[in-house]
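This report examines how selected elements of a protein model are arranged. The sequence and structure are shown first.

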Amino acid sequence: MRYVIPLGVFIVLVILLAIGLRLDPRYVPSPLIDKPMPPFELPDLANEAAVLTNSDISGKPHLLNVWASWCAACRTEHPLLMRLAQSGETSILGLNYKDTRDDALAWLGRHGDPYTQTVFDHAGKLGLDLGVYGVPETFLIDSEGVIRYKQIGPITPDILESVIKPMLEILGRKN
Amino acid sequence: MKKALQTFCFFLALSFASYAADTPVTFTSAIERERYEALLEELRCLVCQNQSLSDSHADLAQDLRDQVYAMVVEGKDNVQIVQFMVERYGDFVLYKPPVKSATWFLWFGPLILLVVAFAIVVIFARRHTRGPRALSKEEQNQVQMLLTQDQEP
């Protein structure tokens, strides 16, 4: 009987530590969920003269993928984005973050271009407005231009199937 | 000798140059500089999470420092600057999180633990200092009986 209290305390500690170990300290919940996409006016990566704004992207639910040629994890994620783009299930808008135009275009030439269009954010201004801190990041944006989900780090096949695709389907059905 | 001096001056100049590149901030008043520096201590870098913006060498920290600098020079007050960061990066950028339902345990948890610990100490201390309890009337009679029984034979 006298061991009940210490044992209880021990079990509670173990549970708390187990929860603590499972939490990812790098996961920072975004305050932008359910907020509209911040306004922007930036050049198109492929076409220097063209300016892209919010009006170019809204319409139907899609993904916004933040990437850079200097980002190693983007390379890991890339084949998945290529397959997703080829499947035609959703369109992916690129946001090239703090990169040079030459490097970015060469990177797309080498690995393939899954993006319908790529916004060229050399200064990282839109990245800052989107709270980007760990490229690659992917935002799921609905037809109204509202951010619904944010993936920090590469999209894994598991997250794609269990989170992103179901959300796209639900959001697509609403219109 | 002259050559050595020249080399020394060259490296001296180089060291100043790199220092200047690290801190490209100029302020019109000391108050602005103080505000800038205080804000950098208060805001946390998201890449190297246990460093403030002023400590971190991450690219992101540099971008955020530039942003804070630009806003200080523009004349935005501290509340506006902090709010700007929170709107984009969440409460996480603050070293001192706001008191709200999600952070309630964080703020008051230690106090609750202290109270519980204090209560436990008091309970144990009392248990140990309390001497043997007084005997009831019946028990006293019993003792008396046993004592007298012993003396009889």
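The sections below treat a sheet, a helix and a nonpolar core in a predicted model.

## The sheet of chain A

In chain A, five strands make up an open sheet with mixed pairing, in the order β5-β4-β3-β6-β7. Its edge strands are β5 and β7 (147–152) of chain A, each of which pairs on one side only. From one strand to the next, the twist averages 20 degrees.

The strands β4(A) and β5(A) run parallel and are joined by five bridges. Leu93(A) stands opposite Gln117(A), a residue of β5(A).

## The two sides of helix α3 in chain A

Which residues of helix α3 of chain A are buried? In this helix, which spans residues 101–111, they are Ala104(A), Trp107(A) and Leu108(A). Seen down the axis of α3(A), the buried residues fall within an arc of 95 degrees, so they line one face of the helix. What covers them includes β4 (92–97) of chain A.

The face of α3(A) turned away from the buried side carries Asp102(A), Ala106(A), Gly109(A) and Arg110(A), which are exposed. After α3(A) comes Gly112(A), with a positive phi near 100 degrees.

## The largest nonpolar core

In soluble globular proteins, nonpolar side chains tend to be buried together. The largest nonpolar core here has 43 residues, of which Tyr97(A) and Val135(A) touch the most other members. Elements giving two or more residues to this core include β3, β4 and α3 of chain A, and also α3 (59–74) and α4 (78–89) of chain B. The largest share, five residues, comes from α3(B).

Beyond its neighbours within four places in sequence, Val135(A) is in contact with Val66(A), Trp67(A), Ala68(A), Cys71(A), Cys74(A) and Tyr97(A).

Note on methods: Residues numbered from 1 in each chain as written. Chains lettered and ligands numbered in written order. Predicted model: local features only at pLDDT ≥ 70, side-chain atom pairs only at ≥ 80, totals over all residues. Buried ≥ 20, exposed ≤ 12 C-beta atoms within 10 Å, placed from the backbone. Helix = DSSP H or I, 4+ residues; strand = E, 2+ residues; numbered from the N terminus. Arc of directions from axis to C-beta. Contact = placed C-beta atoms within 7 Å. Core = buried A, V, L, I, M, F, W, Y, C linked by C-beta atoms within 7 Å. Pairing = 2+ DSSP bridges. Axes fitted to C-alpha atoms, helices over the stretch in contact; angles between N-to-C directions.
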